[in-house]
Amino acid sequence: AFQDIAENFIAGILLSIRRPFTDGDLVETNGFFGRIEDVDLRATHLRTPQGQLVRIPNGDVYGGAITNFSQADRRRVDLECGVSYGDDMERAAEVALAAMDGVAGRDPQWDPSLFYTEFGGSSINFVVQFWLEDSEQGTFLEARSDAMIRLKKAFDEHDVGIPFSTITLDFTEAGTRTLDEPLKVLERQVRA
């Protein structure tokens with residue numbers, strides 16, 4: 001127990017000297033995301049966006065990864081989506097990129113980009129990336145939400161499909177029957 005107390009005490013001093021964050025910074029560390037409220041000699045106090053106060057031992061903070069969103073002057077949104085296998089991929093990319101033009105908070109100095117990432121189970125997946133004018137969490141959430149609305153609306157207007165996940169139910173050992181076959185057999189038995 002004394003070893004943990006000493007480790008947290010020394011880590012608290014090192015965090016105060018090295019200053020990887022200051023009070024009010026938006027950070028992610030040890031699986032928690034929120035604003036730094038205080039660093040005492042034992043723990044780092046982090047307030048989550050939902051309002052909970054999390055006290056993380058300084059030894060864990062100092063020894064773990066810290067992502068500081070406040071120290072960046074801008075932030076990027078990565079919006080993942082997919083298109084149907086039957087859609088023209090080049091046309092879908094053009095529609096998606098055009099939809100990002102008026103996104104709230106988007107930095108107009110940097111054009112959005114789109115990269116196809118994988119052949120999924122029911123869609124060809126892609127990511128649309130665009131930069132924001134600042135790194136604030138509110139700007140990020142608003143921009144991502146606005147981008148989703150604009151992308152869905154643009155795809156609907158240009159008849160580009162965002163497919164649902166497809167699930168095949170197999171009711172036999174061999175998996176060779178269709179779902180309606182047992183119903184047809186039952187209908188024949190009822191008629192007989």
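Reader: In which loop is Arg19 found?

Author: Please keep in mind that this is a predicted model. Arg19 is found in the loop between helix H1 (2-18) and strand E1.

Reader: Where is Asp159 found?

Author: Asp159 follows helix H4 and belongs to the loop between H4 and helix H5 (181-191).

Reader: Is Asp159 buried or exposed?

Author: One reads the relative accessibility and compares it with a cut-off: under 20% is buried, over 50% is exposed, and in between is partly exposed. Asp159 has 65% relative accessibility, so it counts as exposed. Arg19, at 46%, counts as partly exposed.

Reader: Which residues of H4 are buried?

Author: The buried residues of H4 are Gln137, Thr139, Phe140, Ala143, Asp146, Ala147, Leu151, Ala154 and Phe155. Their cover includes strands E1 (26-29), E2 (32-39), E6 (76-83) and E8 (124-131), together with helix H3 (89-99).

Reader: How do the axes of H3 and H4 cross?

Author: Two packed helices are described by the angle between their axes and the distance between the axes. Here the axes of H3 and H4 come within 9 Å and cross at roughly 135 degrees. The two helices are therefore oblique to each other. The crossing of H3 past H4 is right-handed.

Reader: Which residues make the contact between H3 and H4?

Author: From H3 the contact involves Ala92, Val95, Ala96 and Ala99, and from H4 it involves Arg150, Leu151, Ala154 and Phe155. Sorted by class, the contact has 7 nonpolar residues, no polar residues and 1 charged residue. Leu151, Ala154 and Phe155 are also among the buried residues of H4.

Reader: Let us turn to the strands. Is Val27 buried or exposed?

Author: Val27 lies in strand E1. Its relative accessibility is 0%, so Val27 counts as buried. Leaving aside neighbours within four places in sequence, Val27 is in contact with Phe21, Phe32, Phe33, Gly34, Ile36, Leu46, Thr67, Asn68 and Phe69. Val27 and Arg47 are 20 residues apart in sequence and 9.9 Å apart in space, C-alpha to C-alpha.

Reader: What is the place of Asn125, and with which residues is Asn125 in contact?

Author: Asn125 has its place in strand E8, and it counts as buried because its relative accessibility is 15%. Beyond neighbours within four places in sequence, Asn125 is in contact with Cys81, Gly82, Tyr116, Thr117, Glu118 and Gly120. Sequence separation and distance in space can be read side by side. Asn125 and Ser84 are 41 residues apart in sequence and 8.9 Å apart in space, C-alpha to C-alpha.

Reader: Where is the place of Ser70?

Author: Ser70 is in the loop between strand E5 (66-68) and E6. With a relative accessible area of 29%, Ser70 is partly exposed. Not counting residues up to four places away in sequence, Ser70 touches Gly24, Asp25, Leu26, Arg35 and Ser135. The C-alpha atoms of Ser70 and Ser165 are separated by 37 Å, and these residues are 95 residues apart along the chain.

Methods. Residues numbered from 1 in each chain as written. Predicted model: local features only at pLDDT ≥ 70, side-chain atom pairs only at ≥ 80, totals over all residues. Heavy atoms only, no water. Buried < 20%, exposed > 50% of the residue type's maximum accessible area, 1.4 Å probe, protein only. Helix = DSSP H or I, 4+ residues; strand = E, 2+ residues; numbered from the N terminus. Contact = heavy atoms within 4.5 Å. Axes fitted to C-alpha atoms, helices over the stretch in contact; angles between N-to-C directions. Parallel < 35°, antiparallel > 145°, perpendicular 65-115°, else oblique. Left-handed = near helix turned anticlockwise from the far one by under 90°. Nonpolar A, V, L, I, M, F, W, Y, C, P; charged D, E, K, R; others polar.
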